[in-house]
Amino acid sequence: MNLKRIAAEKAVEFVEDGMKVGLGTGSTAYWAICKLGELVKEGLSIQAVATSLASEKLAQEHGVPLIPFAKLDGLDLTIDGADELDHQLRLIKGGGGALLREKIVAFHSKQLIIVADESKLVDTLGTFPLPVEIVSFAMEWTMDALRALHCKPMLRTDEEKLFVTDNGNYIADCHFEVISDAEELQRRLMGIPGIVDQGLFLGMASKAVIGHSSGHVNILER
Ligand SMILES: O=C(CO)[C@H](O)[C@H](O)COP(=O)(O)O
């Protein structure tokens with residue numbers, strides 16, 4: 001059973017005719033985009049924006065109508081995946097490297113619905129390395145500043161080359177093991193010049209739709 005698919009398809013049930021929708025990135029958001037494409041073919045009318053070039057391409061392939069950001073004053077709903085979520089719906093995102101666009105889109109959405117399989121639900125965030133998007137200029141200094149926060153940052157690579165985000169930046173994956181105070185960590189990270197954004201999404205998600213191996217889907221709300 002495809003737990004990501006059942007979660008994503010359930011979340012798409014919250015999309016109503018006429019809505020402006022944010023399209024997430026990753027292998028769970030993939031199924032939401034495919035389902036929206038099917039519904040659009042059956043007559044659903046929506047306007048969408050994508051959180052990555054990959055999701056933009058997928059939406060185009062599936063006939064989901066994309067609108068330039070500048071033409072929309074905010075979104076009704078965004079459906080996106082997560083790398084970890086806790087029971088307060090605090091998230092780690094950015095495993096696919098799209099965290100900056102994902103955060104911008106989530107911020108401008110009335111609702112952020114997270115779709116995930118049960119493996120993503122945790123008691124305490126931090127097992128998944130926190131993705132941090134950094135600019136290339138003086139990146140060694142930025143990496144030193146990250147190390148000073150008692151984590152082990154690793155520059156993300158892709159086929160032996162440095163991974164470059166859709167925004168032309170690098171990703172430092174930061175191993176904290178346990179994040180005991182996510183708000184304080186977010187504050188400290190965003191105080192470091194050279195960090196563009198980081199993958200903690202706190203107080204942003206309003207619902208999480210979780211697929212379980214029993215075939216059951218449950219919805220957590222905040
Ligand atoms: O944040 C993300 C991309 O930047 C993804 O939503 C996150 O990595 C989850 O991906 P998947 O659904 O493939 O497990």
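Helices (H or I, at least four residues) and strands (E, at least two) are taken here as DSSP runs, numbered from the N terminus. Residues are numbered from 1 along each chain, in the order in which its sequence is written. The model is a predicted one, in which local features need pLDDT of at least 70 and side-chain atom pairs count only at pLDDT 80 or more, while totals for chains, interfaces and linings use all residues. On pLDDT, the predictor's confidence in each residue from 0 to 100, the protein has a mean of 97, and 100% of its residues reach 70 or more. For the complex, the predictor gives an ipTM of 0.99 and a pTM of 0.97.

A residue is called buried if 20 or more other C-beta atoms lie within 10 Å of its own, exposed if 12 or fewer do, and partly exposed in between, with C-beta atoms placed from the backbone. Thr51 counts as buried because 27 other C-beta atoms lie within 10 Å. Two residues are in contact if their C-beta atoms, placed from the backbone, lie within 7 Å; leaving aside neighbours within four places in sequence, the contacts of Thr51 include Gly22, Leu23, Gly24 and Thr25, together with Asp80 and Ala98.

Where they meet, 14 residues of domain 1 are in contact with 14 residues of domain 2. Helix 4 (residues 99–107) supplies 4 residues, the largest share of the side of domain 1 that touches domain 2. That side has 6 nonpolar, 4 polar and 4 charged residues, where Ala, Val, Leu, Ile, Met, Phe, Trp, Tyr, Cys and Pro count as nonpolar, Asp, Glu, Lys and Arg as charged, and the others, Gly among them, as polar.

Val196, in strand 12 (residues 195–198), is in contact with Leu100, Glu133, Ile134, Val135 and Asn169, not counting residues up to four places away in sequence. The C-alpha atoms of Val196 and Glu133 are separated by 5.5 Å, although the two residues are 63 apart along the chain. Val196 counts as partly exposed because it has 18 C-beta neighbours inside 10 Å.

In soluble globular proteins, nonpolar side chains tend to be buried together. A nonpolar core is defined as a set of buried Ala, Val, Leu, Ile, Met, Phe, Trp, Tyr and Cys residues joined through C-beta atoms within 7 Å. The largest such core here has 59 residues, of which Ala7, Ala11, Ala32, Ile114 and Val115 touch the most other members, and it draws at least three residues from each of domain 1 and domain 2. Ala32 itself touches Ala8, Ala11, Val12, Gly24, Ile79 and Val115, not counting residues up to four places away in sequence.

Ile33 lies in helix 2 (residues 29–41) and is buried, because 24 other C-beta atoms lie within 10 Å. With the same exclusion of residues up to four places away in sequence, Ile33 touches Leu23, Ser55, Leu58, Ala59, His62 and Val64.

Around the ligand there are 18 residues, of which Gly26, Thr28, Gly81, Gly95 and Gly96 come nearest; a residue is near a molecule if its C-beta atom, placed from the backbone, lies within 6 Å of it. This shell divides into 4 nonpolar, 10 polar and 4 charged residues.

Most residues other than glycine have a negative phi. Ala138, in the loop between strand 7 (130–134) and helix 5 (139–147), has a positive phi of about 50°, and Glu177, in the loop between strand 11 (170–175) and helix 6 (182–190), has a positive phi near 70°. Ala138 is exposed, with 12 other C-beta atoms within 10 Å, and Glu177 likewise counts as exposed with 12 C-beta neighbours inside 10 Å.

How values were computed
Domains from an automatic or database assignment.
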